[in-house]
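Thanks for coming. I will take a few minutes on how two chains meet, and you can follow along on the screen.

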Amino acid sequence: MTQTDQMQQDLKFVRDAVARRGILDRTPQAIAWLWAIFILLSFALLDFRFSAAMWMFAVGAPLCGIVSFLIGRNVARHEGEFDHRVGFTCALHWGTIFLAMIALCFLAAAGRVSGQGIGQVATLVVGVVYFLAGVHFDRRWMTSGLLLMAGAAAISWIPHYPWTSLGAVVCLALILPTFFGKTVNERQGR
Amino acid sequence: MSARDAEEFDFASRSLARLDPLLQHRSRLGACVLLSTTDALSFSRLRLLLDESDGNLGAQLRKLEEANYIAVRKEFVARKPVSWYALTPAGVKALRSHLLALEALIKGAQV
């Protein structure tokens, strides 16, 4: 074997190793379940106990965010990869919701949005962030994002328990892929 | 040998000379390339990705560690000892030089 042949084989070996790593396109199941349950409960509270729902969003959402970060970090450690850039990017992405909610509060205080409209704008923003998470991180967020965006508008025409209905649909959209979704590696038989 | 052939031979020789002997082993090169894309990888993750045996991979990583191309940190995860490997600044520099030399060699090759 010539040196060139050897080099070609070595480079192929390295390419295969990099390809074997695949794309981390799966959100840990625990995170999907955590947010599915949170959305189901918090959206239902909007219909049945509005004041409790506000506390749920104000306190529960950031708490779930911290728990999601810890779950993601633990899963990464168990899988044997550690990259602070992934955590930082995810934190920036999902943190957008927090920033948007602050801006929405100012809009509400200025009287630009009120009543159910506040909830619809918030849901629309969350839907966009979920959808973009599907574009950049994990395809399975896309469905939830689309449902949230569509639901934000559709709420206007649902006469009974609109938020509970939307919450149940989004909850299912988050949970179902954990049973059927496959990572790139699984699709490639690794 | 024509002047052009001589020039190409000289160029190839210079490129070959710039290759890092430590990174001419596929597993060592593969490990460095994988580590360059992330903060740290565990031994078991490297073994899975490089498809190497424990003994062979351990020996190759030790050589990289002795050359200060990688750093190792040991800790316990779920009560099991885990070794984390990360590329050092010297390793980043060596890998970059080696890849540039490879690239020059490939570009200079007649197809």
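I start with the charged pairs. Between chain A and chain B the count is three salt bridges. One of them to look at is Glu81(A) with Arg45(B), where the closest N and O atoms are 2.8 Å apart. Keep in mind that this is a predicted model. The polar contacts between chain A and chain B come to ten residue pairs, with both residues at pLDDT 80 or more.

Which elements of chain A make up the side that touches chain B? Four of them supply at least two residues each: helix H1 (3-21), helix H3 (50-79), strand E1 (81-82) and helix H4 (84-109). H1(A) gives the most, with twelve residues. By residue class, that side of chain A divides into eight nonpolar, six polar and eight charged.

Now the strands. E1(A) pairs with strand E1 of chain B, residues 40-42, in the antiparallel sense and over two bridges. Within that pairing, Phe82(A) stands opposite Ala40(B) in E1(B).

Next, the overall extent. In contact terms, 22 residues of chain A meet 29 residues of chain B. The area buried between the two chains is about 2,200 Å², and carbon and sulfur atoms give 57% of that. Which three residues supply more than any other three of the area that chain A buries against chain B? They are Phe13(A), Arg21(A) and Arg77(A), which together supply 26% of the area on the chain A side.

That is what I have; I will take questions now.

Notes
Residues numbered from 1 in each chain as written. Chains lettered and ligands numbered in written order. Predicted model: local features only at pLDDT ≥ 70, side-chain atom pairs only at ≥ 80, totals over all residues. Heavy atoms only, no water. Contact = heavy atoms within 4.5 Å. Buried area = accessible area lost by both parts, 1.4 Å probe. Salt bridge = Lys/Arg side-chain N within 4 Å of Asp/Glu carboxyl O. Polar contact = N/O pair within 3.5 Å; in protein donor to acceptor, adjacent residues only side chain to side chain. Helix = DSSP H or I, 4+ residues; strand = E, 2+ residues; numbered from the N terminus. Nonpolar A, V, L, I, M, F, W, Y, C, P; charged D, E, K, R; others polar. Pairing = 2+ DSSP bridges.
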